[in-house]
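Visitor: I am new to this structure. Could you show it to me and take a few questions?

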Amino acid sequence: MRKSSWIVLFCCMLLVACQSPDNSELIEVEDDTELVEFVTTYKKTMIESVNGGHFNDVEPFLMANVSFYHSLRRYVNDLHSDGASKELKEFQVNHVYEDDVGDYYVDAFESVVIHYSNEFEEIERYIRFEINRLNNGSLRIVTIREREE
């Protein structure tokens, strides 16, 4: 097999491995208070971060140096640079799961409004937080994906 074929095969395997697991592979967390509070506080802090232009406020919630971290940094900076503000209308956690290696998946519904200078955009979506617990016990968001309800 040529080198380029191996690279394509490896990339395809990586994409499949990085997909969020199916709910049938997950165990529902009974005492989910810590994770519900974590994602709720993150969401409020992220809204304040956009409105104040201070990405460093949201950094303690994120796994550093992953693609989601860098994308969110650009998103916060772009919205703030454009003079936009963000409003959280609703945030509701639906389920909290754990996989067999101890990673967490928090399913939630969010409703936000982004206010631009002359218009606004309402966004309602179902999302899944993918969260790791670090060796020091702290939680970090690896990514957030939109999901079907």
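## A first tour

Guide: The chain has five strands and three helices. This is a predicted model.

Visitor: In which element is confidence lowest, and in which is it highest?
Guide: The mean pLDDT of the chain is 87, and 85% of its residues reach 70 or more. Residues 1-18 stay under 50. Helix α1 (residues 3-17) has the lowest confidence, at a mean of 38. The highest, at 98, is in strand β3 (residues 104-115).

Visitor: How many contacts beyond four places in sequence does the model have for residues 1-18?
Guide: Over this stretch pLDDT stays under 50. For residues 1-18, the model has contacts beyond four places in sequence numbering two.

Visitor: What share of the residues in the chain is buried?
Guide: Buried here means under 20% relative accessible area. The chain has 149 residues. The buried share is 36%.

Visitor: Which element gives the most residues to the largest nonpolar core?
Guide: That core has 30 residues, and Y42, L62, F129, I131 and I141 have the most contacts inside it. Two or more residues come from each of α2 (33-52), α3 (67-81), β2 (85-98), β3, β4 (120-133) and β5 (139-147). With six residues, the element that gives the most is α2.

Visitor: Which elements do the buried residues of α2 pack against?
Guide: The buried residues of α2 include L35, F38, V39, M46 and I47. K43, T45 and S49 are buried there too. They pack against α3, β2, β3, β4 and β5.

Visitor: How far does α2 reach from its first C-alpha to its last?
Guide: α2 has 20 residues. At 1.5 Å a residue, 28 Å is expected. The model comes close to that, with a reach of 28 Å.

Visitor: What residue follows α2, and what is its phi?
Guide: The residue after α2 is G53. The phi of G53 is positive, near 70°.

How values were computed. Residues are numbered from 1 along each chain as its sequence is written. This is a predicted model: local features need pLDDT of at least 70, side-chain atom pairs count only at pLDDT 80 or more; totals for chains, interfaces and linings use all residues. Side-chain values use heavy atoms; hydrogens and water are left out. pLDDT is the predictor's confidence in each residue, from 0 to 100. Helices (H or I, at least four residues) and strands (E, at least two) are DSSP runs, numbered from the N terminus. Contact means heavy atoms within 4.5 Å. Buried means under 20% relative accessible area, exposed over 50%, partly exposed in between (1.4 Å probe, protein chains only). A nonpolar core is a set of buried Ala, Val, Leu, Ile, Met, Phe, Trp, Tyr and Cys residues joined through side-chain atoms within 4.5 Å. The expected span of a helix is 1.5 Å times one less than its number of residues.
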